[in-house]
Amino acid sequence: MEVREQIREIKQELRRLMNGATSASMREKGLAYKVNFGVELPRLKQLAASYEKNHQLAGELWKEDIRESKILAALLQPTETFYPEIADIWVDDIRTMEIAELTVMNLFQHLDYAPQLSFQWISSEAEFRQVCGFLLIARLLTRKGDIDERSENEFLDQALTAFLSGSYNVRTSVLRALMKYATYSEEHAFRLCRKTESLKDSTSEQGKALYEWVRNLVSE
């Protein structure tokens, strides 16, 4: 079956599975999409499982400004043909935390070059590059646990800078990564405490919030 026919077939199935109540609820929670059928994630995974992974199909789905199409694209994209330059194009097309989280989970974390990609993105000034970078680090820490000293120092420096100056979405993703880092070992928790010690007397709201969050985390 040609890709064009597969796209037509997928759209028909999305319309059949459409859940207006879920779509409306997402809008009320601030998840604004140009088109949102409100299809639940388990159903999207079932739909993706009925197709073989296909680079061209995933690329065409990603171009669609439809929530479900982007989720399916990440599920159907083969990692071996997803080159760094394509990853940069995709991440710059992300506009919501839901798509960021799902694309990191279903695709980005499985790339051979995921560690390098994560550090490239957290050093960016673009909001969702930072978001995906920190979410990706959180995923990699969950899978691998430890981190080498050089990368650790860069991660902690970038995390603090991003939290103090970034958007709400960036701060949320930073905390996700820091939690995975700190809960890996007592040594990691101690290093994070030392790194944030200077924020104890911070005059910024974000600085005080991060200091208290770290102290509460390590005392649990």
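Leaving aside neighbours within four places in sequence, which residues is Glu152 in contact with?

## Glu152 and its surroundings

They are Ile147, Tyr181, His188 and Arg191. This is a predicted model. Glu152 is found in helix 10, residues 149-165. Its relative accessible area is 2%. Glu152 therefore counts as buried, since the cut-off for that class is under 20%.

One of the contacts of Glu152 is polar. The side chains of Glu152 and Arg191 are joined by a polar contact of 2.7 Å. Another partner, Tyr181, is listed among the buried residues of helix 11.

## Confidence

The mean pLDDT of the protein is 93. A value of 70 or more is reached by 100% of its residues. Helix 6 has the highest mean pLDDT among the elements, at 98. Helix 2 has the lowest, at 76.

Where pLDDT is low, the predicted coordinates should not be read in detail.

## Salt bridges

The model has 15 salt bridges. One of them joins Arg129 and Asp88, with 3.7 Å between the closest N and O atoms. Arg129 lies in helix 9, residues 127-144. Asp88 lies in helix 6, residues 84-91. The pair therefore ties together parts that are 41 residues apart in sequence. Arg129 and Asp88 are both buried.

Glu68 and Arg67 also meet in a salt bridge, at 2.8 Å from N to O. Both residues are buried. A network of salt bridges links Arg67, Glu68 and Glu98.

What about Arg43 and Glu40: how far apart are their closest N and O atoms? The distance is 3.9 Å, and the pair forms a salt bridge. The cut-off is 4 Å, so this pair counts. Arg43 is partly exposed, with a relative accessible area of 42%. Glu40 is partly exposed too, at 28%.

Why is helix 9 described as largely enclosed by the rest of the structure? Of its 18 residues, 13 are buried, so the rest of the structure largely encloses it. The length of helix 9 also checks out. At 1.5 Å a residue, its 18 residues should span 26 Å. Its end C-alpha atoms are 26 Å apart, which agrees. Gly145 follows helix 9 and has a positive phi, near 85°.

The largest nonpolar core has 73 residues. Phe82, Ile94, Phe108 and Phe155 have the most contacts inside this core. Helix 9 gives the most to the core, with 10 residues. Beyond its neighbours within four places in sequence, Phe108 is in contact with Phe82, Ile94, Thr103, Ala114, Trp121, Cys132 and Leu136.

## Helix 11

Helix 11 covers residues 168-182, a run of 15 residues. From first C-alpha to last, helix 11 reaches 21 Å. That is close to the 21 Å expected at 1.5 Å a residue.

The buried residues of helix 11 are Asn169, Val170, Ser173, Val174, Ala177, Leu178, Tyr181 and Ala182. An α-helix has 3.6 residues a turn, so residues three or four places apart point the same way. Which helices do the buried residues of helix 11 pack against? They pack against helix 7, helix 9, helix 10, helix 12 (186-196) and helix 13 (205-219).

Ser23 is found in helix 2, residues 20-28. Its relative accessibility is 2%, so Ser23 counts as buried. Apart from neighbours within four places in sequence, Ser23 is in contact with Asn36, Phe37 and Gly38. Arg215 is another matter. Ser23 and Arg215 are 192 residues apart in sequence and 38 Å apart in space, C-alpha to C-alpha. Helix 2 is also the element with the lowest mean pLDDT.

Thr96 lies in a loop, between helix 6 and helix 7 (97-106). Is Thr96 buried or exposed? Thr96 is buried, with a relative accessible area of 9%. Not counting residues up to four places away in sequence, Thr96 touches Leu31, Ala32, Tyr33 and Phe128.

Notes. Residues are numbered from 1 along each chain as its sequence is written. This is a predicted model: local features need pLDDT of at least 70, side-chain atom pairs count only at pLDDT 80 or more; totals for chains, interfaces and linings use all residues. Side-chain values use heavy atoms; hydrogens and water are left out. A salt bridge is a side-chain nitrogen of Lys or Arg within 4 Å of a carboxyl oxygen of Asp or Glu. Buried means under 20% relative accessible area, exposed over 50%, partly exposed in between (1.4 Å probe, protein chains only). Helices (H or I, at least four residues) and strands (E, at least two) are DSSP runs, numbered from the N terminus. A polar contact is a pair of N or O atoms within 3.5 Å; within protein, one must be able to donate a hydrogen and the other to accept it, and residues adjacent in sequence count only if both atoms are side-chain atoms. Contact means heavy atoms within 4.5 Å. The expected span of a helix is 1.5 Å times one less than its number of residues. A nonpolar core is a set of buried Ala, Val, Leu, Ile, Met, Phe, Trp, Tyr and Cys residues joined through side-chain atoms within 4.5 Å. pLDDT is the predictor's confidence in each residue, from 0 to 100.
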